2 protein chains.
Amino acid sequence: MPLSEHTESVQDYLKTIFDIQRERGRVATTVLAERLGNSPASVTGMIKKLAALNLVEYEPYQGVVLTPAGEKIALEVIRHHRLIERYLAEALGVPWDQVHAEAEKWEHVLSEDLEDRIDAVLGYPTTDPHGAPIPKRDGTLPPPHTTRLSDLQSGQSATIAEVSDHDPAMLRYFAELGLRPGVDVTVVAVAPFGGPLTVRLDDVEHAVGREVAGYVSVCDVTSASGE
Amino acid sequence: MPLSEHTESVQDYLKTIFDIQRERGRVATTVLAERLGNSPASVTGMIKKLAALNLVEYEPYQGVVLTPAGEKIALEVIRHHRLIERYLAEALGVPWDQVHAEAEKWEHVLSEDLEDRIDAVLGYPTTDPHGAPIPKRDGTLPPPHTTRLSDLQSGQSATIAEVSDHDPAMLRYFAELGLRPGVDVTVVAVAPFGGPLTVRLDDVEHAVGREVAGYVSVCDVTSASGE
DNA sequence: GGTATTATTTAGGCATTCCTAAAAGCAGTC
DNA sequence: GACTGCTTTTAGGAATGCCTAAATAATACC
Ligand SMILES: [Mn+2]
Ligand SMILES: [Mn+2]
Ligand SMILES: [Mn+2]
Ligand SMILES: [Mn+2]
(Lines give C-alpha, C1' and ligand atoms only; values in the text may rest on other atoms or scores of the structure.)
(Ligands and ions follow the chains in the order given, each with its own letter.)
Protein backbone atom coordinates (compact mmCIF):
# COMPACT_ATOMS: atom_id res chain seq x y z
CA MET A 1 0.00 0.00 0.00
CA PRO A 2 1.88 3.04 -1.28
CA LEU A 3 2.05 6.42 0.39
CA SER A 4 -0.38 7.87 -2.07
CA GLU A 5 -3.16 5.79 -0.54
CA HIS A 6 -3.21 8.34 2.24
CA THR A 7 -3.97 12.04 2.18
CA GLU A 8 -1.36 14.67 2.74
CA SER A 9 -2.91 15.35 6.13
CA VAL A 10 -2.65 11.74 7.21
CA GLN A 11 0.97 11.64 6.08
CA ASP A 12 1.85 14.74 8.06
CA TYR A 13 0.07 13.48 11.16
CA LEU A 14 1.93 10.15 11.06
CA LYS A 15 5.26 11.82 10.47
CA THR A 16 4.72 14.20 13.37
CA ILE A 17 3.51 11.44 15.67
CA PHE A 18 6.65 9.50 14.85
CA ASP A 19 8.86 12.45 15.75
CA ILE A 20 7.12 13.13 19.05
CA GLN A 21 7.05 9.44 19.90
CA ARG A 22 10.84 9.31 19.57
CA GLU A 23 11.23 12.17 21.99
CA ARG A 24 8.62 11.38 24.60
CA GLY A 25 6.95 8.00 24.07
CA ARG A 26 3.17 8.13 23.96
CA VAL A 27 1.83 11.13 22.01
CA ALA A 28 -0.68 13.39 23.78
CA THR A 29 -3.39 15.18 21.82
CA THR A 30 -2.28 18.64 22.91
CA VAL A 31 1.36 18.09 22.02
CA LEU A 32 0.41 16.85 18.58
CA ALA A 33 -1.99 19.75 18.10
CA GLU A 34 0.69 22.22 19.09
CA ARG A 35 3.24 20.71 16.71
CA LEU A 36 0.84 20.58 13.78
CA GLY A 37 -0.65 24.00 14.40
CA ASN A 38 -4.16 22.56 14.60
CA SER A 39 -6.70 22.79 17.40
CA PRO A 40 -6.83 19.89 19.89
CA ALA A 41 -10.42 19.23 18.83
CA SER A 42 -9.34 18.74 15.22
CA VAL A 43 -6.56 16.43 16.32
CA THR A 44 -8.96 14.26 18.29
CA GLY A 45 -11.03 13.89 15.16
CA MET A 46 -8.10 12.90 12.99
CA ILE A 47 -6.74 10.55 15.64
CA LYS A 48 -10.00 8.62 15.55
CA LYS A 49 -9.68 8.33 11.82
CA LEU A 50 -6.09 7.09 12.07
CA ALA A 51 -7.18 4.55 14.68
CA ALA A 52 -9.96 3.34 12.39
CA LEU A 53 -7.34 2.87 9.66
CA ASN A 54 -5.20 0.91 12.11
CA LEU A 55 -2.36 3.36 11.80
CA VAL A 56 -2.31 4.31 15.49
CA GLU A 57 -3.39 2.73 18.75
CA TYR A 58 -5.68 5.16 20.48
CA GLU A 59 -6.63 5.16 24.12
CA PRO A 60 -9.08 8.00 24.82
CA TYR A 61 -7.50 10.61 27.08
CA GLN A 62 -4.21 8.71 26.88
CA GLY A 63 -2.91 9.74 23.48
CA VAL A 64 -1.67 7.54 20.62
CA VAL A 65 1.17 5.26 19.59
CA LEU A 66 1.89 4.29 15.99
CA THR A 67 1.07 0.76 14.88
CA PRO A 68 3.66 -1.02 12.72
CA ALA A 69 1.60 0.00 9.67
CA GLY A 70 1.55 3.61 10.81
CA GLU A 71 5.26 3.62 11.53
CA LYS A 72 6.01 2.23 8.11
CA ILE A 73 4.18 5.09 6.44
CA ALA A 74 5.74 7.66 8.76
CA LEU A 75 9.19 6.40 7.84
CA GLU A 76 8.38 6.58 4.15
CA VAL A 77 7.29 10.19 4.47
CA ILE A 78 10.37 11.05 6.51
CA ARG A 79 12.56 9.33 3.93
CA HIS A 80 10.98 11.43 1.21
CA HIS A 81 11.39 14.60 3.24
CA ARG A 82 15.05 14.11 4.09
CA LEU A 83 16.07 12.86 0.68
CA ILE A 84 14.42 15.88 -0.87
CA GLU A 85 16.10 18.25 1.57
CA ARG A 86 19.43 16.74 0.67
CA TYR A 87 18.72 16.89 -3.02
CA LEU A 88 17.62 20.51 -2.93
CA ALA A 89 20.71 21.54 -1.01
CA GLU A 90 23.17 19.54 -3.04
CA ALA A 91 21.81 19.57 -6.59
CA LEU A 92 20.04 22.91 -6.63
CA GLY A 93 21.92 24.94 -4.06
CA VAL A 94 18.92 25.77 -1.93
CA PRO A 95 20.13 27.28 1.39
CA TRP A 96 19.71 24.92 4.32
CA ASP A 97 17.24 27.17 6.07
CA GLN A 98 14.87 26.91 3.11
CA VAL A 99 14.99 23.23 2.22
CA HIS A 100 12.58 22.23 4.96
CA ALA A 101 9.67 24.33 3.74
CA GLU A 102 10.15 23.13 0.17
CA ALA A 103 10.41 19.47 1.21
CA GLU A 104 7.32 19.77 3.41
CA LYS A 105 5.26 20.15 0.25
CA TRP A 106 7.19 18.01 -2.21
CA GLU A 107 7.38 14.99 0.11
CA HIS A 108 3.72 14.20 -0.58
CA VAL A 109 3.94 14.06 -4.34
CA LEU A 110 7.22 12.20 -4.84
CA SER A 111 6.86 8.90 -6.70
CA GLU A 112 8.83 5.85 -5.66
CA ASP A 113 10.56 5.90 -9.00
CA LEU A 114 11.75 9.48 -8.59
CA GLU A 115 12.73 8.75 -5.00
CA ASP A 116 15.05 6.03 -6.29
CA ARG A 117 16.54 8.27 -8.95
CA ILE A 118 17.25 11.04 -6.47
CA ASP A 119 18.76 8.55 -4.06
CA ALA A 120 21.06 7.24 -6.80
CA VAL A 121 22.09 10.70 -8.08
CA LEU A 122 23.08 11.65 -4.54
CA GLY A 123 25.03 8.42 -4.09
CA TYR A 124 22.70 6.95 -1.45
CA PRO A 125 23.22 9.54 1.28
CA THR A 126 22.59 8.65 4.91
CA THR A 127 21.76 12.06 6.34
CA ASP A 128 19.90 15.21 5.40
CA PRO A 129 21.58 18.65 5.37
CA HIS A 130 20.84 19.08 9.07
CA GLY A 131 22.44 15.77 9.97
CA ALA A 132 19.20 13.86 10.50
CA PRO A 133 19.43 10.26 9.29
CA ILE A 134 17.53 9.27 6.13
CA PRO A 135 15.47 6.10 6.66
CA LYS A 136 16.48 3.30 4.29
CA ARG A 137 14.05 1.92 1.75
CA ASP A 138 13.29 -0.96 4.10
CA GLY A 139 12.36 1.44 6.89
CA THR A 140 15.53 1.13 8.91
CA LEU A 141 16.49 4.20 10.93
CA PRO A 142 19.37 4.49 13.40
CA PRO A 143 18.51 5.57 16.95
CA PRO A 144 18.56 9.31 17.61
CA HIS A 145 21.59 11.00 19.12
CA THR A 146 21.29 11.35 22.86
CA THR A 147 23.99 13.90 23.67
CA ARG A 148 23.39 17.56 23.04
CA LEU A 149 25.92 20.33 22.85
CA SER A 150 24.40 21.79 26.01
CA ASP A 151 25.23 18.55 27.86
CA LEU A 152 28.99 18.95 27.38
CA GLN A 153 31.32 20.04 30.15
CA SER A 154 34.04 22.61 29.83
CA GLY A 155 37.06 21.11 28.08
CA GLN A 156 35.12 18.45 26.18
CA SER A 157 35.25 18.14 22.42
CA ALA A 158 32.79 16.47 20.06
CA THR A 159 31.59 16.34 16.49
CA ILE A 160 28.36 18.06 15.49
CA ALA A 161 25.91 15.31 14.53
CA GLU A 162 22.66 17.12 13.91
CA VAL A 163 21.01 20.50 14.27
CA SER A 164 17.31 21.16 14.65
CA ASP A 165 15.70 22.40 11.45
CA HIS A 166 12.58 23.77 13.12
CA ASP A 167 13.56 27.43 12.89
CA PRO A 168 15.07 28.92 9.71
CA ALA A 169 16.47 31.90 11.62
CA MET A 170 18.31 29.56 13.97
CA LEU A 171 19.71 27.69 10.98
CA ARG A 172 21.03 30.91 9.53
CA TYR A 173 22.65 31.63 12.88
CA PHE A 174 24.26 28.18 12.91
CA ALA A 175 25.54 28.73 9.38
CA GLU A 176 27.11 32.01 10.44
CA LEU A 177 28.95 30.26 13.26
CA GLY A 178 30.11 27.51 10.93
CA LEU A 179 28.18 25.11 13.12
CA ARG A 180 27.10 22.28 10.83
CA PRO A 181 27.08 18.47 10.91
CA GLY A 182 30.55 16.93 10.72
CA VAL A 183 32.33 19.94 12.20
CA ASP A 184 34.39 19.51 15.39
CA VAL A 185 33.52 21.63 18.38
CA THR A 186 35.27 22.22 21.69
CA VAL A 187 33.59 23.63 24.77
CA VAL A 188 35.96 26.22 26.18
CA ALA A 189 33.77 27.35 29.07
CA VAL A 190 30.33 26.87 30.55
CA ALA A 191 28.90 29.85 32.40
CA PRO A 192 26.99 29.04 35.60
CA PHE A 193 23.28 29.60 36.31
CA GLY A 194 22.20 28.39 32.87
CA GLY A 195 24.46 30.91 31.21
CA PRO A 196 26.07 30.64 27.78
CA LEU A 197 28.65 28.15 26.54
CA THR A 198 31.83 29.36 24.96
CA VAL A 199 32.62 27.03 22.07
CA ARG A 200 35.47 26.84 19.59
CA LEU A 201 34.61 26.11 15.94
CA ASP A 202 37.32 26.31 13.27
CA ASP A 203 39.62 27.92 15.84
CA VAL A 204 37.16 30.74 16.45
CA GLU A 205 35.42 31.13 19.79
CA HIS A 206 31.74 31.98 20.11
CA ALA A 207 29.38 32.40 23.04
CA VAL A 208 26.11 30.57 22.45
CA GLY A 209 23.06 30.43 24.71
CA ARG A 210 22.30 27.26 26.65
CA GLU A 211 18.90 26.92 25.04
CA VAL A 212 20.23 27.18 21.50
CA ALA A 213 22.92 24.61 22.36
CA GLY A 214 20.08 22.26 23.27
CA TYR A 215 19.09 22.20 19.62
CA VAL A 216 22.45 20.76 18.59
CA SER A 217 23.25 17.05 18.90
CA VAL A 218 26.82 15.82 19.06
CA CYS A 219 28.70 12.53 18.85
CA ASP A 220 32.24 11.25 19.48
CA VAL A 221 32.62 13.18 22.72
CA THR A 222 36.17 13.32 24.13
CA SER A 223 37.49 15.03 27.25
CA ALA A 224 40.40 17.48 27.33
CA SER A 225 43.26 15.09 28.20
CA GLY A 226 42.92 12.66 25.30
CA GLU A 227 40.16 10.16 26.28
CA MET B 1 -0.75 37.31 -5.96
CA PRO B 2 1.32 34.13 -6.15
CA LEU B 3 0.16 30.78 -7.44
CA SER B 4 -0.18 29.42 -3.96
CA GLU B 5 -3.14 31.72 -3.36
CA HIS B 6 -5.17 29.26 -5.38
CA THR B 7 -5.96 25.63 -4.76
CA GLU B 8 -4.50 22.84 -6.81
CA SER B 9 -7.92 22.35 -8.39
CA VAL B 10 -8.18 25.98 -9.45
CA GLN B 11 -4.69 25.81 -10.94
CA ASP B 12 -5.52 22.70 -12.96
CA TYR B 13 -8.80 24.17 -14.18
CA LEU B 14 -7.09 27.35 -15.38
CA LYS B 15 -4.29 25.45 -17.06
CA THR B 16 -6.76 23.19 -18.85
CA ILE B 17 -8.98 26.09 -19.89
CA PHE B 18 -5.93 27.80 -21.36
CA ASP B 19 -5.05 24.72 -23.40
CA ILE B 20 -8.55 24.24 -24.76
CA GLN B 21 -8.90 27.95 -25.48
CA ARG B 22 -5.79 27.79 -27.68
CA GLU B 23 -7.30 24.98 -29.69
CA ARG B 24 -10.92 26.05 -29.98
CA GLY B 25 -11.58 29.50 -28.57
CA ARG B 26 -14.38 29.62 -26.04
CA VAL B 27 -14.35 26.69 -23.64
CA ALA B 28 -17.56 24.66 -23.27
CA THR B 29 -18.45 23.00 -19.99
CA THR B 30 -18.54 19.51 -21.45
CA VAL B 31 -15.17 19.79 -23.15
CA LEU B 32 -13.57 20.99 -19.96
CA ALA B 33 -15.29 18.25 -17.96
CA GLU B 34 -14.06 15.63 -20.40
CA ARG B 35 -10.48 16.88 -20.30
CA LEU B 36 -10.39 17.11 -16.51
CA GLY B 37 -12.14 13.81 -15.93
CA ASN B 38 -14.85 15.50 -13.83
CA SER B 39 -18.61 15.51 -14.31
CA PRO B 40 -20.12 18.47 -16.18
CA ALA B 41 -22.09 19.35 -13.05
CA SER B 42 -18.90 19.66 -11.03
CA VAL B 43 -17.35 21.80 -13.72
CA THR B 44 -20.30 24.19 -13.70
CA GLY B 45 -19.79 24.61 -9.99
CA MET B 46 -16.11 25.34 -10.27
CA ILE B 47 -16.65 27.67 -13.21
CA LYS B 48 -18.91 29.80 -11.07
CA LYS B 49 -16.23 29.96 -8.45
CA LEU B 50 -13.60 30.97 -11.02
CA ALA B 51 -15.94 33.65 -12.34
CA ALA B 52 -16.48 34.98 -8.81
CA LEU B 53 -12.69 35.19 -8.47
CA ASN B 54 -12.51 37.09 -11.76
CA LEU B 55 -10.35 34.43 -13.32
CA VAL B 56 -12.77 33.58 -16.14
CA GLU B 57 -15.60 35.32 -17.94
CA TYR B 58 -18.62 33.10 -17.70
CA GLU B 59 -21.70 33.28 -19.85
CA PRO B 60 -24.21 30.63 -18.73
CA TYR B 61 -24.67 27.99 -21.42
CA GLN B 62 -21.90 29.65 -23.45
CA GLY B 63 -18.77 28.45 -21.68
CA VAL B 64 -15.85 30.47 -20.38
CA VAL B 65 -12.86 32.52 -21.48
CA LEU B 66 -9.91 33.35 -19.24
CA THR B 67 -9.58 36.90 -17.95
CA PRO B 68 -6.07 38.42 -18.03
CA ALA B 69 -5.73 37.47 -14.35
CA GLY B 70 -6.75 33.89 -15.09
CA GLU B 71 -4.42 33.67 -18.05
CA LYS B 72 -1.53 34.90 -15.96
CA ILE B 73 -2.03 32.13 -13.45
CA ALA B 74 -2.53 29.52 -16.16
CA LEU B 75 0.77 30.51 -17.75
CA GLU B 76 2.53 30.30 -14.41
CA VAL B 77 1.24 26.77 -13.85
CA ILE B 78 2.19 25.77 -17.38
CA ARG B 79 5.64 27.26 -16.89
CA HIS B 80 6.05 25.21 -13.75
CA HIS B 81 4.82 22.08 -15.47
CA ARG B 82 7.07 22.32 -18.49
CA LEU B 83 10.15 23.41 -16.60
CA ILE B 84 9.69 20.47 -14.27
CA GLU B 85 9.22 18.05 -17.16
CA ARG B 86 12.42 19.29 -18.68
CA TYR B 87 14.26 19.10 -15.39
CA LEU B 88 13.11 15.57 -14.64
CA ALA B 89 14.14 14.38 -18.09
CA GLU B 90 17.47 16.13 -18.18
CA ALA B 91 18.72 16.11 -14.61
CA LEU B 92 17.18 12.91 -13.33
CA GLY B 93 16.80 10.82 -16.46
CA VAL B 94 13.07 10.26 -16.10
CA PRO B 95 11.74 8.75 -19.37
CA TRP B 96 9.69 11.21 -21.39
CA ASP B 97 6.53 9.18 -21.06
CA GLN B 98 6.65 9.54 -17.27
CA VAL B 99 7.59 13.18 -16.78
CA HIS B 100 4.06 14.42 -17.33
CA ALA B 101 2.50 12.50 -14.45
CA GLU B 102 5.25 13.58 -12.08
CA ALA B 103 5.05 17.22 -13.16
CA GLU B 104 1.28 17.22 -12.82
CA LYS B 105 1.71 16.90 -9.06
CA TRP B 106 4.94 18.82 -8.50
CA GLU B 107 3.80 21.88 -10.47
CA HIS B 108 1.52 22.90 -7.60
CA VAL B 109 4.14 22.92 -4.87
CA LEU B 110 7.06 24.55 -6.66
CA SER B 111 8.21 27.82 -5.09
CA GLU B 112 9.25 30.74 -7.25
CA ASP B 113 12.73 30.48 -5.82
CA LEU B 114 13.11 26.85 -6.81
CA GLU B 115 11.58 27.60 -10.20
CA ASP B 116 14.38 30.11 -10.81
CA ARG B 117 17.06 27.69 -9.67
CA ILE B 118 15.79 24.95 -11.94
CA ASP B 119 15.57 27.39 -14.83
CA ALA B 120 19.18 28.46 -14.27
CA VAL B 121 20.54 24.89 -13.88
CA LEU B 122 18.93 23.97 -17.20
CA GLY B 123 20.35 27.05 -18.90
CA TYR B 124 16.97 28.75 -19.42
CA PRO B 125 15.42 26.20 -21.78
CA THR B 126 12.64 27.25 -24.16
CA THR B 127 10.83 23.94 -24.61
CA ASP B 128 9.82 20.91 -22.59
CA PRO B 129 10.86 17.35 -23.57
CA HIS B 130 7.88 17.07 -25.91
CA GLY B 131 8.73 20.27 -27.73
CA ALA B 132 6.07 22.42 -26.06
CA PRO B 133 7.29 25.97 -25.39
CA ILE B 134 7.96 27.01 -21.79
CA PRO B 135 6.29 30.32 -20.93
CA LYS B 136 8.79 32.98 -19.85
CA ARG B 137 8.71 34.47 -16.37
CA ASP B 138 6.82 37.45 -17.74
CA GLY B 139 4.11 35.21 -19.20
CA THR B 140 5.23 35.34 -22.82
CA LEU B 141 4.42 32.26 -24.90
CA PRO B 142 4.97 31.82 -28.65
CA PRO B 143 1.94 30.90 -30.75
CA PRO B 144 1.30 27.17 -31.19
CA HIS B 145 2.49 25.31 -34.27
CA THR B 146 -0.20 25.06 -36.88
CA THR B 147 1.14 22.35 -39.18
CA ARG B 148 0.81 18.71 -38.21
CA LEU B 149 2.67 15.76 -39.63
CA SER B 150 -0.64 14.49 -40.98
CA ASP B 151 -0.98 17.69 -43.03
CA LEU B 152 2.14 16.99 -45.09
CA GLN B 153 2.03 15.80 -48.68
CA SER B 154 4.11 13.01 -50.12
CA GLY B 155 7.62 14.28 -50.80
CA GLN B 156 7.58 17.01 -48.20
CA SER B 157 10.15 17.24 -45.44
CA ALA B 158 9.95 19.02 -42.11
CA THR B 159 11.38 19.17 -38.60
CA ILE B 160 9.47 17.67 -35.70
CA ALA B 161 8.42 20.57 -33.48
CA GLU B 162 6.25 19.00 -30.82
CA VAL B 163 4.53 15.76 -29.94
CA SER B 164 1.44 15.38 -27.81
CA ASP B 165 2.20 14.19 -24.29
CA HIS B 166 -1.34 13.09 -23.50
CA ASP B 167 -0.71 9.36 -23.86
CA PRO B 168 2.38 7.69 -22.35
CA ALA B 169 1.99 4.65 -24.64
CA MET B 170 2.05 6.89 -27.68
CA LEU B 171 5.18 8.62 -26.38
CA ARG B 172 6.90 5.25 -26.04
CA TYR B 173 5.90 4.50 -29.61
CA PHE B 174 7.33 7.81 -30.79
CA ALA B 175 10.55 7.09 -28.91
CA GLU B 176 10.83 3.72 -30.64
CA LEU B 177 10.49 5.41 -34.03
CA GLY B 178 13.08 8.02 -33.10
CA LEU B 179 10.37 10.60 -33.56
CA ARG B 180 11.23 13.45 -31.21
CA PRO B 181 11.44 17.25 -31.38
CA GLY B 182 14.29 18.53 -33.53
CA VAL B 183 14.48 15.43 -35.72
CA ASP B 184 13.99 15.78 -39.48
CA VAL B 185 11.24 13.79 -41.12
CA THR B 186 10.36 13.14 -44.76
CA VAL B 187 6.98 11.92 -45.93
CA VAL B 188 7.66 9.19 -48.49
CA ALA B 189 4.06 8.29 -49.22
CA VAL B 190 0.53 9.05 -48.12
CA ALA B 191 -1.96 6.23 -48.48
CA PRO B 192 -5.42 7.25 -49.71
CA PHE B 193 -8.73 6.98 -47.83
CA GLY B 194 -7.22 8.22 -44.56
CA GLY B 195 -4.60 5.51 -44.67
CA PRO B 196 -1.15 5.57 -43.14
CA LEU B 197 1.79 7.83 -43.95
CA THR B 198 5.14 6.35 -44.77
CA VAL B 199 7.78 8.55 -43.19
CA ARG B 200 11.55 8.45 -43.15
CA LEU B 201 13.32 9.16 -39.87
CA ASP B 202 17.09 8.72 -39.57
CA ASP B 203 17.06 6.99 -42.96
CA VAL B 204 14.60 4.37 -41.74
CA GLU B 205 11.09 4.18 -43.14
CA HIS B 206 8.03 3.62 -40.97
CA ALA B 207 4.32 3.45 -41.63
CA VAL B 208 2.35 5.52 -39.13
CA GLY B 209 -1.40 5.93 -38.85
CA ARG B 210 -3.02 9.17 -39.94
CA GLU B 211 -4.52 9.73 -36.53
CA VAL B 212 -1.23 9.30 -34.70
CA ALA B 213 0.42 11.69 -37.17
CA GLY B 214 -2.15 14.26 -36.09
CA TYR B 215 -0.53 14.31 -32.68
CA VAL B 216 2.77 15.49 -34.12
CA SER B 217 3.45 19.13 -35.00
CA VAL B 218 6.12 20.10 -37.48
CA CYS B 219 7.91 23.23 -38.63
CA ASP B 220 10.27 24.26 -41.46
CA VAL B 221 8.32 22.38 -44.11
CA THR B 222 10.08 21.99 -47.49
CA SER B 223 8.93 20.25 -50.65
CA ALA B 224 10.88 17.57 -52.52
CA SER B 225 12.71 19.76 -55.08
CA GLY B 226 14.41 22.20 -52.69
CA GLU B 227 11.83 24.85 -51.71
C1' DG C 1 -42.29 25.78 -35.97
C1' DG C 2 -42.51 21.85 -33.24
C1' DT C 3 -39.98 17.92 -31.61
C1' DA C 4 -35.97 15.18 -30.42
C1' DT C 5 -31.34 15.38 -28.90
C1' DT C 6 -27.71 17.23 -26.53
C1' DA C 7 -25.55 20.53 -23.39
C1' DT C 8 -25.79 22.71 -19.21
C1' DT C 9 -27.39 23.88 -14.83
C1' DT C 10 -29.80 23.04 -10.40
C1' DA C 11 -30.74 20.27 -6.34
C1' DG C 12 -29.31 17.47 -2.93
C1' DG C 13 -25.46 14.80 -0.96
C1' DC C 14 -21.01 13.02 0.59
C1' DA C 15 -16.05 13.03 2.13
C1' DT C 16 -12.29 15.56 4.01
C1' DT C 17 -10.37 18.55 7.22
C1' DC C 18 -10.49 22.24 9.68
C1' DC C 19 -12.77 25.52 13.37
C1' DT C 20 -15.06 27.40 18.07
C1' DA C 21 -17.63 26.68 22.17
C1' DA C 22 -19.14 23.78 25.59
C1' DA C 23 -19.04 19.58 28.21
C1' DA C 24 -16.61 16.06 30.49
C1' DG C 25 -12.62 13.60 32.27
C1' DC C 26 -8.25 13.46 34.83
C1' DA C 27 -4.90 14.57 38.36
C1' DG C 28 -2.82 17.00 41.87
C1' DT C 29 -3.80 19.84 46.23
C1' DC C 30 -5.45 20.63 50.55
C1' DG D 1 -12.51 13.08 49.13
C1' DA D 2 -13.88 17.54 47.13
C1' DC D 3 -12.02 21.39 44.50
C1' DT D 4 -9.37 23.31 40.80
C1' DG D 5 -6.99 23.69 36.66
C1' DC D 6 -5.66 21.57 32.67
C1' DT D 7 -6.53 18.16 28.97
C1' DT D 8 -9.43 16.01 25.98
C1' DT D 9 -13.61 15.02 23.77
C1' DT D 10 -18.23 16.17 21.92
C1' DA D 11 -21.37 19.12 19.36
C1' DG D 12 -22.28 21.83 15.73
C1' DG D 13 -20.59 24.16 11.59
C1' DA D 14 -17.88 25.93 7.58
C1' DA D 15 -15.17 25.50 3.17
C1' DT D 16 -13.67 22.76 -0.72
C1' DG D 17 -14.48 19.85 -4.38
C1' DC D 18 -16.41 16.08 -6.00
C1' DC D 19 -20.80 13.05 -7.29
C1' DT D 20 -25.72 11.47 -9.29
C1' DA D 21 -30.29 12.51 -10.73
C1' DA D 22 -33.49 15.67 -12.37
C1' DA D 23 -34.79 19.87 -14.60
C1' DT D 24 -34.10 23.17 -18.10
C1' DA D 25 -31.94 25.64 -21.96
C1' DA D 26 -29.99 25.43 -26.50
C1' DT D 27 -29.60 23.30 -30.92
C1' DA D 28 -30.46 20.41 -34.71
C1' DC D 29 -33.79 18.08 -37.67
C1' DC D 30 -37.79 17.41 -40.33
MN1 LIG E 1 4.21 17.85 4.65
MN1 LIG F 1 16.07 18.32 7.97
MN1 LIG G 1 -1.73 19.39 -11.79
MN1 LIG H 1 4.99 18.16 -22.00
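Start by selecting His108(B), which counts as buried at 12% relative accessibility (buried is under 20% relative accessible area, exposed over 50%, partly exposed in between, with a 1.4 Å probe and protein chains only). A word before moving on: this is a predicted model, where local features need pLDDT of at least 70, side-chain atom pairs count only at pLDDT 80 or more, and totals for chains, interfaces and linings use all residues. Residues are numbered from 1 along each chain as its sequence is written, chains are lettered from A and ligands numbered from 1 in the order in which they are written, and side-chain values use heavy atoms, with hydrogens and water left out.

**First metal stop.** Now show the manganese ion (ligand 3). His108(B) gives its NE2 to this ion, alongside Asp12(B) (OD), Glu104(B) (both O and OE) and Glu107(B) (OE), at 2.1 to 2.4 Å. Donors here are N, O and S atoms within 2.8 Å of the metal (3.2 Å for Na, K and Ca); water is not among the atoms, so sites may look incomplete. Click Glu107(B) too: it is buried, with a relative accessible area of 0%. Along the chain, the donors are spaced D-x91-E-x2-E-H.

Go to the manganese ion (ligand 4). Select Glu85(B) (OE), Asp128(B) (OD), His130(B) (ND1) and Asp165(B) (OD), its protein donors at 2.2 to 2.5 Å. Glu85(B) is in helix H4 (residues 68-92) of chain B, while His130(B), 45 residues apart from it, sits in the loop between helix H6 (112-121) and strand S3 (157-163). Helices (H or I, at least four residues) and strands (E, at least two) are DSSP runs, numbered from the N terminus. Both Glu85(B) and His130(B) are buried.

Ser42(B) has one 2.5 Å from a phosphate oxygen. (A polar contact is a pair of N or O atoms within 3.5 Å; within protein, one must be able to donate a hydrogen and the other to accept it, and residues adjacent in sequence count only if both atoms are side-chain atoms.)
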